[in-house]
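Student: Could you take me through how charged side-chain pairs are read in a model such as this one?

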Amino acid sequence: MTPPDTLTPRDRTVILVLLISTFVVILNETIMNVALPRLMADLDVSARLAQWLSTAFMLTMAVVIPVTGFLLQRLATRTVYFTAMGLFCVGTLLAALAPGFVPLLLARVVQATGTAIMLPLLMTTVLTLVPVRQRGAVMGNLSIVISVAPAIGPTLSGLILQVLPWRFLFVFVLPVALAALAYGARTLRNVGTPRPVALDLLSVPLAALGFGGLVYALSQVGEGGRGGLTLATDAPLLVGALALTAFLWRQVVLGRRGEPLLDLRAFRFPQFALGVGLLVIAMVALFGGMILLPLYLQNLRGLSTLQTGLLLLPGGLLMGLLAPTVGRLHDRIGPRPLALPGTVLMTAVLLGLSRIDAGTSIWALLALHLTLSGGLALLFTPVFTSSLAPLPPHLYSHGSAILSTLQQVAGAAGTALLVALMAGRAAQLTAAGASATDAQVAGLHLAFLAAAGVGVLAAGLALGLRATRQPQTSTTDDAAPLAHPGD
């Protein structure tokens, strides 16, 4: 059954609750990055060990998200929401009270489990409730969550750490999360009808090893600004690749019986497959701005973490301000007139960043980052809307889970690729006798140039985007579609 023709006030309340909650949990995902030096000193741990507070979060996300397709079909909306926000609140409380590194690490894992469930829940609910002609506007609000929350996380963290201990990163988040949970308990209603789908016990460990192994290996390639593969990355990369291959084969087999953990039949829809490709490329570009620019600003320009966060903050806010307008334009003119200029702007800025040096004006860097953010704003909303909208209702949860999973993998892959290129080039020139500054600048040039090359591919893919028609539910599908939303 397709979504209704109009979005009712009660439906708007459901989406608002999920938007606020998802913003809170995704904000927490990047809030720790700036705090790592402080944590190293306070907890007396090495940089390699402290990095696990971020790596473990990404790993947990990559392991849990593939299972959300099953959870969203098997459990009621309220149950999934309370599980996600309950885990997040418990994890945040444990983190604020953590007496040492290991308890803090375990608390981050609990937080990440809740975070991993929220974004697929939000996307699936939007697809179920919102008619196709209004999805662009609503997806624009969803893009605010995805783009702005990670952008302001480091800035907020830097501001807090200027005057307060690291525990207050969690102390400030917890009341907001509890307020969102209380508001959801009072206003959130169930969407769709749960179905007694079976959980394939073999798929779960294969997904954990596959996606988790790849994310871990890729995150370790880029750890600490180093490049290249080592024994620490080769083994998990091999295990992850083999497990992922087995997982994909298992889903194809289960798909014939209508019981996959992650239904790959979503890739039969060309717009979904195209959107996935564009999302992966956009995440590489986004992480180019989030990872390489801070490295440049702090290592070569001597800016503090707070100054770096404040410089990058306007770009994140610009993406948030543009997202609703881009969403409304998408509903009127379709995805291609927005996504194509977005990819061109993104590629042009990445080319511009490949020319910066140790003397580039800060104002020029701000202008480049703002332009990059504008290009990504033109890209994200059309990609999310046009890729998910063609799916029939019984694939909503699976399509959302696939997109969310690949966001994590693409983020880790983008970070690893760009940092490895930068570090490898810098090491090569240093060995040849170049100064440290010149070597780092050349490494940045190569990394940004590679990102620009990927951007050219995105422009080609954007040409294939088209306006979405009302999806039709097939009566011959193996899996029954979600019922019309009910109380």
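**Salt bridges and burial**

Tutor: At 13% relative accessibility, D200 counts as buried, where buried means under 20% relative accessible area, exposed over 50% and partly exposed in between, with a 1.4 Å probe and protein chains only. This is a predicted model, in which local features need pLDDT of at least 70 and side-chain atom pairs count only at pLDDT 80 or more, while totals for chains, interfaces and linings use all residues. Residues are numbered from 1 along each chain as its sequence is written, and side-chain values use heavy atoms, with hydrogens and water left out.

Student: With which residue does D200 meet in a salt bridge?

Tutor: Side chains of opposite charge can pair when their charged atoms come close. A salt bridge is taken as a side-chain nitrogen of Lys or Arg within 4 Å of a carboxyl oxygen of Asp or Glu. Here D200 meets R250, at 2.7 Å from N to O. The pair links distant parts of the chain, 50 residues apart, with D200 in the loop between α8 and α9 and R250 in helix α10 (residues 231-255); helices are DSSP runs of H or I with at least four residues, numbered from the N terminus. R250 is buried too, with a relative accessible area of 19%.

Student: How many salt bridges does this rule give?

Tutor: The count is three. In another, the closest N and O atoms of D11 and R189 are 2.2 Å apart. D11 belongs to helix α1 (residues 9-30) and R189 to the loop between α8 (168-187) and α9 (203-221), so this pair ties together parts 178 residues apart in sequence. D11 has a relative accessible area of 4% and is buried, as is R189 at 11%. R265 and D263 also meet in a salt bridge, at 2.5 Å from N to O, and both are buried.

Definitions and conventions:
Helices (H or I, at least four residues) and strands (E, at least two) are DSSP runs, numbered from the N terminus.
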